Amino acid sequence: MFKALRNSPNIIFVRLLLLALASCSLNGFLAGQDKMPRFRVVALAEHGGIHKPFVDAAKVWLGKLASENNFTVDYIEDTQKIDDAFLAQYNLFIQLNYPPYNWTDTSQAAFIKYIEEGKGGWIGFHHATLLGEFDGFPMWTWFHRFMGGVRFKNYIATFVTGTVMVEDKSHPAMKGIASPFRIEKEEWYTYDTTPRPNVHVLASVDENTYTPSTDQKMGDHPVIWTNKHCKARNIYIFMGHHPELFENQAFTLLFRNSIFWAAGRQENREK
Ligand SMILES: [Zn+2]
């Protein structure tokens, strides 16, 4: 009976199956080797407060993008850990709504070096232009220059919808983004001056499209820009108040493009 079964089709099938399983686990092992992170991101995320829902939504969205593209994101909620050695671990620094004040002296010095010497890229959202004297802190003059010399003046507390015009469609961060695009119910900050003479403007909001209309306007109103005077690939994106931004295709494409551009990596398109 045993002998008769030896070369039966059933046994051959079982052997092939075992071979296939062995090869699968070998592939799995090799794939595991590929899973070494391609790059590392640190996000300085605002802790609590009115922007918590945006930060929480960003974490979910970043987690998915990171797993699809083999990169890692570590979060910090203050600047205590930031020094040269800490930043040296990361290819990209995301300022997730954290303002440019209440940073330790060591973190400021390390950040300046990181940006000026191009040790990594930077993406800053919304609160990153909260420049002025806030909560008893003086304005960080280096950061003021980094953001093109703008000082925060006011904001539209009632939230209005506006149309954003892409000004440099050839910039990698703006790739594939339809122009104009709408941003719903945004808080639109105004500044004492336009950053335009000091930065490369990628997009600006057309204040005439504000719905409902408001008198809270500044004229030339850039909302996305990059400072070419720094070695680091950097981009400031004004939007970043509401979690609903992660349902806006233009916004998520902009964030995604900015990550791969600023980190100097290609997106993994074989998904
Ligand atoms: Zn806000």
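Tutor: Let's start with a definition: a residue is buried if 20 or more other C-beta atoms lie within 10 Å of its own, exposed if 12 or fewer, and partly exposed in between, with C-beta atoms placed from the backbone. This is a predicted model, where local features need pLDDT of at least 70, side-chain atom pairs count only at pLDDT 80 or more, and totals for chains, interfaces and linings use all residues. Residues are numbered from 1 along each chain as its sequence is written.

Student: So which class does His229 fall in, and why?

Tutor: Helices (H or I, at least four residues) and strands (E, at least two) are DSSP runs, numbered from the N terminus. His229 sits in the loop between β10 (222-226) and β11 (234-237). Because His229 has 13 C-beta neighbours inside 10 Å, its class is partly exposed.

Student: And Ser213, is that buried or exposed?

Tutor: Ser213 lies in the loop between β9 (200-211) and β10. It has 11 other C-beta atoms within 10 Å, so Ser213 is exposed.

Student: Which residues of α3 are buried?

Tutor: Helix α3 covers residues 52-68. On the side turned away from the buried one, α3 carries the exposed residues Asp56, Val60, Gly63, Lys64, Ser67 and Glu68. The buried residues of α3 are Phe54, Val55, Ala58 and Leu62.

Student: Within what arc do those buried residues fall?

Tutor: An α-helix has 3.6 residues a turn, so residues three or four places apart point the same way. The arc is taken from the directions from the helix axis to the C-beta atoms. Seen down the axis of α3, the buried residues line one face, so they fall within an arc of 85°.

Student: What do the buried residues of α3 pack against?

Tutor: Two residues count as in contact if their C-beta atoms, placed from the backbone, lie within 7 Å. By that test, the buried residues of α3 pack against β1 (39-45), β2 (71-76) and β3 (92-96).

Terms used. Expected span 1.5 Å × (residues − 1).
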